[in-house]
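I opened this notebook to record what I looked up in one protein model.

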Amino acid sequence: MKVRYSVCIASLFLVLASCSNRDATPEAIPSTMPKADLENRDSATQSLVNPEASPSTGTPVLILHETFGNARGSQTQEYDLAFWQDGYVLRWRCRDFSVLSVESAVANKGMIAELMERVETAGFFDLQAKIWTPPDAGYWEIGARYGGRMNFVGWDEVKNPNYGANIRPTAEYKKLQRTWKSIRKAIRDSLPMVWTPVVDDAGLRGLNRSEVFQTAWLRFETWKNR
């Protein structure tokens, strides 16, 4: 009996010693996941916590996108655009819900920073987040995030005095027109000169070719909830 108790007590001490030598943090426990899977997991986690940490999956800092409304068979006459903080830029044209062509370019990070400063100075983040257009009509969208602030605004860019909000323009609507004009110019000034066709999905950074409106960072809800 004494031998059995001695063995049990010795085993207990060995278990306690083993537990006390373990680090309580999860990082100290060796993982059986392949290195590539670990890197993908960490990248995905960072993109949720901090969009800037993973440019390939994070939300752009600025988008300019045309929505057609109920008009079918419509095709964009100018490019839709998306700018990322790391300098990556996408431009594409659509017909209805499908992307016809998409190209990428790399801008200087300083130029992207200057662009976002101009967006902020123009007063974009002080605008009311809404779509300034009659129901079912097409319009352009601008979404931007900078310095912890974010906004998403839509406008059809129609200046006919007998149409929509132009009939009785409010002070807010006039402010929108001034701000929009300034941001449009800032975007034009920031466009790279050299563009390359995007041939693989990695270069799309989440842009959905077949159903462009399924692109997460083109949806109002994405910007509203960040």
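My entries follow, beginning with the basis of the values.

**Basis.** I worked from a predicted model, in which local features need pLDDT of at least 70, side-chain atom pairs count only at pLDDT 80 or more, and totals for chains, interfaces and linings use all residues. Residues are numbered from 1 along each chain as its sequence is written, and side-chain values use heavy atoms, with hydrogens and water left out.

**Entry 1: the cores.** I looked up the nonpolar cores, each a set of buried Ala, Val, Leu, Ile, Met, Phe, Trp, Tyr and Cys residues joined through side-chain atoms within 4.5 Å. I took buried as under 20% relative accessible area, with a 1.4 Å probe and protein chains only. The largest core holds 29 residues, and Leu62, Phe83, Leu115, Phe124, Leu176 and Ile187 have the most contacts inside it. At least two core residues come from each of β1 (62–67), β2 (80–83), α3 (109–121), β6 (139–146), β7 (149–155) and α4 (171–190). Of these, α4 gives the most, with six residues. Helices (H or I, at least four residues) and strands (E, at least two) are DSSP runs, numbered from the N terminus.

I then listed the contacts (heavy atoms within 4.5 Å) of Leu115. Not counting residues up to four places away in sequence, Leu115 touches Leu62, Phe83, Ala186, Ile187 and Ser190. A second, separate core has 18 residues, including Trp92, Leu204, Leu218 and Trp223.

**Entry 2: Asn151.** Is Asn151 buried or exposed? Asn151 counts as buried because its relative accessibility is 6%. This residue lies in strand β7. I found that its side chain reaches the backbone oxygen of Phe124 at 2.9 Å and that of Leu127, also at 2.9 Å. Leaving aside neighbours within four places in sequence, Asn151 is in contact with Phe125, Ala129, Ile142 and Trp223, among others.

**Entry 3: strand β2.** Which residues of β2 are buried on each side? Asp80 and Ala82 are buried on one side, and Leu81 and Phe83 on the other, so that both faces are covered. I next examined pairing, which requires at least two DSSP bridges between two strands. β1 and β2 run antiparallel and are joined by three bridges; Leu64 stands opposite Leu81. β2 is also joined to β3 (residues 88–95), by four bridges and again antiparallel, and Ala82 has Leu90 as its bridge partner. The hairpin formed by β2 and β3 has four residues between the strands, and Gly87 in the turn has a positive phi of about 100 degrees.

Technical notes
Buried < 20%, exposed > 50% of the residue type's maximum accessible area, 1.4 Å probe, protein only. Polar contact = N/O pair within 3.5 Å; in protein donor to acceptor, adjacent residues only side chain to side chain.
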